[in-house]
Amino acid sequence: MKLKKGDKVTVICGKDKGKEGKITKILDNKVIVEGVNIVKKHLKPKNNNGTGEIVERENPIHVSNVMLIDPKTKKPTRVGKTIDNKGNKIRISKKSNEKID
């Protein structure tokens, strides 16, 4: 996977198309993006004195539906990998050919 936790991404399809946010968690083929794909979850009461509640939370979104934002142009870009002069693999933006941290 070419995305990492903390990367700024944009949603390219689905009900939240065009929204941007940071990746907070990475699952197998899905990512959780801050402020994207919000759903309401109904929770049952816990213990004898508790009451049920409705909480809003972010659901995972498939990796193919998000795209990394280029740090230079601030537009969505594909991610490539290359080897620097020290022999380390680094991620680069396909649009601007800049290194991605």
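The count of salt bridges here comes to four. A salt bridge means a side-chain nitrogen of Lys or Arg within 4 Å of a carboxyl oxygen of Asp or Glu. Side chains of opposite charge can pair when their charged atoms come close.

A word on the source. This is a predicted model, in which local features need pLDDT of at least 70 and side-chain atom pairs count only at pLDDT 80 or more, while totals for chains, interfaces and linings use all residues. Residues are numbered from 1 along each chain as its sequence is written, and side-chain values use heavy atoms, with hydrogens and water left out.

In one of them, the side chains of Arg 91 and Asp 7 meet, at 2.8 Å from N to O. This pair links distant parts of the chain: Arg 91 is in strand β10 and Asp 7 is in the segment before β1 (8-11), 84 residues apart. Strands are DSSP runs of E with at least two residues, and helices are runs of H or I with at least four; both are numbered from the N terminus.

Are these two residues buried or exposed? Arg 91 has a relative accessibility of 6%, so it counts as buried. Asp 7 is buried as well, at 7%. The cut-offs are under 20% relative accessible area for buried, over 50% for exposed, and partly exposed in between, with a 1.4 Å probe and protein chains only.

Another pair is Lys 8 with Glu 20, where the closest N and O atoms are 4.0 Å apart. Lys 8 is in strand β1 and Glu 20 is in strand β2 (residues 20-26), twelve residues apart, and this pair too links distant parts of the chain. Lys 8 is partly exposed at 45%, and Glu 20 is partly exposed at 46%.

Then there is Lys 72 with Glu 98, with the closest N and O atoms 3.9 Å apart. Lys 72 sits in the loop between β7 (66-69) and β8, and Glu 98 in the loop between β10 and β11; they are 26 residues apart. Lys 72 is exposed, at 58%, whereas Glu 98 is partly exposed, at 34%.

Now the sheets. Six strands form an open antiparallel sheet in the order β6-β3-β2-β1-β7-β8. At the edges stand β6 (61-62) and β8, each with a single partner strand, so one side of each has no neighbour in the sheet. Two strands pair if DSSP finds at least two bridges between them. Between β1 and β7, which run antiparallel, there are three bridges. Which residue in β7 is the bridge partner of Val 9? That is Leu 68.

Three strands form another open antiparallel sheet, in the order β9-β10-β11. Its edge strands are β9 and β11 (99-100), each pairing on one side only. Five bridges join β9 to β10 (residues 89-93), and these two run antiparallel.

Last, the loop between β8 (76-77) and β9 (79-83) holds Arg 78. Arg 78 is exposed, with a relative accessible area of 57%. That is all from me; questions are welcome.
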